[in-house]
Amino acid sequence: MPAKPSLGLYFNDNFIEVSQVSADGKRLEKFNQLILPLGLVVNSEIKNKNGFVQVLRQLFSSARPEPINTNEDVVIGVNDSRVFLSEFTVPNVPGKDINDAIEYQVRNQLPVLPSGVETDWEIVGKTIEGQIEVLLAAIPKSIIDSCASICTSVGLRVVAVEPAVFANIRIIEQDQLLGRNQLLVYLGESFGVFSFITSGNPRF
């Protein structure tokens, strides 16, 4: 039997939403979305922790078709406007040496990134010349720490904090993505997000 998927939690300055999918990942079982009070979240940073906790509890308790338990694993999606993505290549060297080469390049990238960010990377492909393509993601540490501490305070177990675009990609049938360049468009009432992906990997 497939492992129970983690909850998905996402918010921006205007709204917050939670979703729970079936064990096979194919059905949305529970969902809720609430409008956030003005000023509670500004530029994806939580400005009133007590107020945010109240909204979070309301979000889970009023989910449809029935409330969602807060004693669950959760993955938090970070608003794409606060995520910094960049791509670089390294020589295709064997074994552990490839990780060392990537970590060296990540350290070289740090001076051009905003201060106070947490970084993570993944290999996304190869160039025609055979070099390894690496996607680097950076998220402000203040946002990660704030999200994690607030969610933990209501009983949630934070298993990951990641760019929201990754969640959007996961819900698409992977056969539709492999070997293709595609533009994902997500439109809200007051914003739009455009993500360019190659074989299911975000490029910007």
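Student: Let's start with a pair in the sheet. Which residue stands opposite Leu 85 in S9?

Tutor: In this predicted model, Leu 85 stands opposite Ala 137 in S9.

Student: Where does helix H2 pack, and which strands does it touch?

Tutor: Helix H2 (residues 96–109) packs on the sheet and touches S7, S8 and S9. The direction of H2 makes about 135 degrees with that of S7. H3 lies across S8 and S9, and runs at about 65 degrees to S9.

Student: What is the strand order in that sheet?

Tutor: The order is S7-S9-S8, in an open sheet of 3 strands with antiparallel pairing. The edge strands, each pairing on one side only, are strand S7 (84–90) and strand S8 (117–126). On average, neighbouring strands of this sheet are turned by 25 degrees against each other, direction ignored.

Student: Now to the hairpins. How many residues lie between S1 and S2?

Tutor: The hairpin of S1 and S2 has 3 residues between its strands. Strand S1 (residues 7–11) runs antiparallel to S2, and 4 bridges join the two. Leu 9 stands opposite Val 18 in S2.

Student: And how many residues separate S2 from S3 in their hairpin?

Tutor: There are 6 residues between S2 and S3, and Gly 25 in the turn has a positive phi of about 75 degrees. S2 pairs with strand S3 (residues 28–35) in the antiparallel sense over 7 bridges, and Val 21 stands opposite Leu 28 in S3.

Student: Why can strand S2 be called largely enclosed by the rest of the structure?

Tutor: Look at burial, for which the cut-off is under 20% relative accessible area. In strand S2 (residues 15–21), 5 of the 7 residues are buried, so the strand is largely enclosed by the rest of the structure.

Student: Which residues touch the most other members of the largest nonpolar core?

Tutor: That core has 30 residues, and Leu 9, Ile 16, Phe 52, Leu 56, Leu 59 and Phe 60 touch the most other members. Two or more residues each come from S1, S2, helix H1 (49–61), strand S6 (73–78) and helix H3 (141–153). H1 gives the largest share, 6 residues.

Student: What does Leu 59 contact, leaving aside its neighbours within four places in sequence?

Tutor: Its contacts are Leu 9, Ile 16, Glu 17, Val 18, Asn 32, Gln 33 and Leu 34. There is also a second, separate core of 11 residues, which includes Phe 88, Val 90, Leu 113 and Ile 132.

Student: What should I keep in mind when reading the backbone angles?

Tutor: Most residues other than glycine have a negative phi, and most peptide bonds are trans. Here, Asn 43 has a positive phi near 55 degrees, and Ser 44 has a positive phi near 70 degrees. Asn 43 is found in the loop between strand S4 (41–42) and strand S5 (45–46), and Ser 44 is found in the loop between S4 and S5.

Student: Is Ser 44 buried or exposed?

Tutor: Ser 44 is buried, with a relative accessible area of 4%, whereas Asn 43 counts as partly exposed at 44% relative accessibility.

Student: Which peptide bond is cis?

Tutor: The bond from Arg 64 to Pro 65 is cis, with omega near 5 degrees. Pro 65 lies in the loop between H1 and S6.

Terms used
Residues numbered from 1 in each chain as written. Predicted model: local features only at pLDDT ≥ 70, side-chain atom pairs only at ≥ 80, totals over all residues. Heavy atoms only, no water. Buried < 20%, exposed > 50% of the residue type's maximum accessible area, 1.4 Å probe, protein only. Pairing = 2+ DSSP bridges. Core = buried A, V, L, I, M, F, W, Y, C linked by side-chain atoms within 4.5 Å. Contact = heavy atoms within 4.5 Å. Axes fitted to C-alpha atoms, helices over the stretch in contact; angles between N-to-C directions.
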